[in-house]
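Hi,

Here's the structure I said I'd pass along.

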Amino acid sequence: MFDINYFRDCPEVFYSFAKEIYPSNFTPSPSHYFVKLLEEKGKLLRNYTQNIDTLEQVAGIENVLQCHGSFATASCIVCGYKVDGNEIKDDILNQRVPYCPKCTNDDEGDDIGESASIMKPDIVFFGEKLPPEFDRSFPRDREKVDLLIVMGSSLKVAPVSEIMGQIPHRVPQIVINRTPIKHMQFDVQLLGDCDIIIPELCRMLRLELVHEKLPGGSSSCKKSEPYRFLDPHIYLFEGAVVKQGDLTGLGVRTTGIENLSIQEKNKVETREESEGNENTVKSNIYLT
């Protein structure tokens with residue numbers, strides 16, 4: 001449904017569910033404000049985001065690059081006329097296809113037709129190029145970066161997923177995700193809910209992260225989160241979801257799932273996936 005050619009043919013399909021992903025439905029999480037905190041401390045080179053919900057801007061992050069665009073603006077797919085995203089908000093919330101107010105009659109005096117002059121949010125669909133800011137910024141940033149943190153991504157959508165392979169090998173790379181990344185090599189994988197892991201990092205760094213969703217409203221109001229270290233580079237926190245065999249495939253020498261103690265096994269939930277009937281372990285709490 002995010003294919004640009006399909007959108008041109010059947011825009012009503014996209015607009016039938018666009019309200020479900022509209023930014024007004026969401027608020028920034030502690031993880032968003034962690035990025036803002038890094039920026040305030042002068043530690044953020046740039047926030048590359050694949051999100052289209054503009055929550056980075058709501059959190060106040062200034063140095064952000066919307067790799068996949070956002071709902072902030074919308075453009076006509078015929079004439080390119082651009083408007084503020086709020087101008088098509090009512091159409092999105094009412095599941096209507098918005099049409100371009102700028103498109104006029106063609107040379108023969110016939111209307112171009114609503115089927116062509118469609119307004120589309122400026123999010124990058126499959127089949128479209130990334131915004132030019134990406135090609136301008138990344139070559140410069142890759143020479144300056146001294147630490148790469150990836151949060152909440154499967155890293156399967158190019159070209160953003162290719163960033164990791166283009167960063168100099170001397171630069172440490174960390175991923176924070178609920179599921180392990182097996183097709184790329186990271187120096188450290190912190191597996192679990194981002195909003196559980198981020199406050200723990202702040203406690204270790206002696207940074208105070210303030211957010212209403214955190215216990216006591218601050219990362220400093222709670223003791224350290226329990227986790228399990230799996231040699232050589234994986235940490236399991238609450239919320240980690242790992243298939244049987246995933247960790248072995250990542251070179252873990254003390255394989256976590258098979259070698260858990262009885263007490264630890266009681267802390268995990270095994271469930272069946274709908275596809276392939278594969279066992280999955282969901283880490284509720286891993287104890288050190």
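Predicted model: local features only at pLDDT ≥ 70, side-chain atom pairs only at ≥ 80, totals over all residues.

Cis peptide bonds

The bond running from Ala158 to Pro159 is cis, and its omega is near 5°. If you want to find it on screen, Pro159 sits in the loop that links β6 (148-151) and α7 (163-166).

Asp231 and Pro232 are also joined by a cis peptide bond, with omega at about 15°. For this one, go to the loop between β9 (228-230) and β10 (234-236), which is where Pro232 lies.

Thr54 isn't a glycine, yet its phi is positive, near 60°. You'll find Thr54 in the loop between β1 (47-49) and α4 (55-58).

Arg206 is another non-glycine residue with a positive phi, about 60° here. Arg206 belongs to the loop between α8 (194-205) and β9.

Surroundings of those two

Is Thr54 buried or exposed? Thr54 has a relative accessibility of 15%, so it counts as buried, given that the cut-off for buried is under 20%. And Arg206, buried or exposed? Arg206 has a relative accessible area of 77%, so it is exposed, the threshold there being over 50%.

Cheers

Terms used
Residues numbered from 1 in each chain as written. Heavy atoms only, no water. Helix = DSSP H or I, 4+ residues; strand = E, 2+ residues; numbered from the N terminus. Buried < 20%, exposed > 50% of the residue type's maximum accessible area, 1.4 Å probe, protein only.
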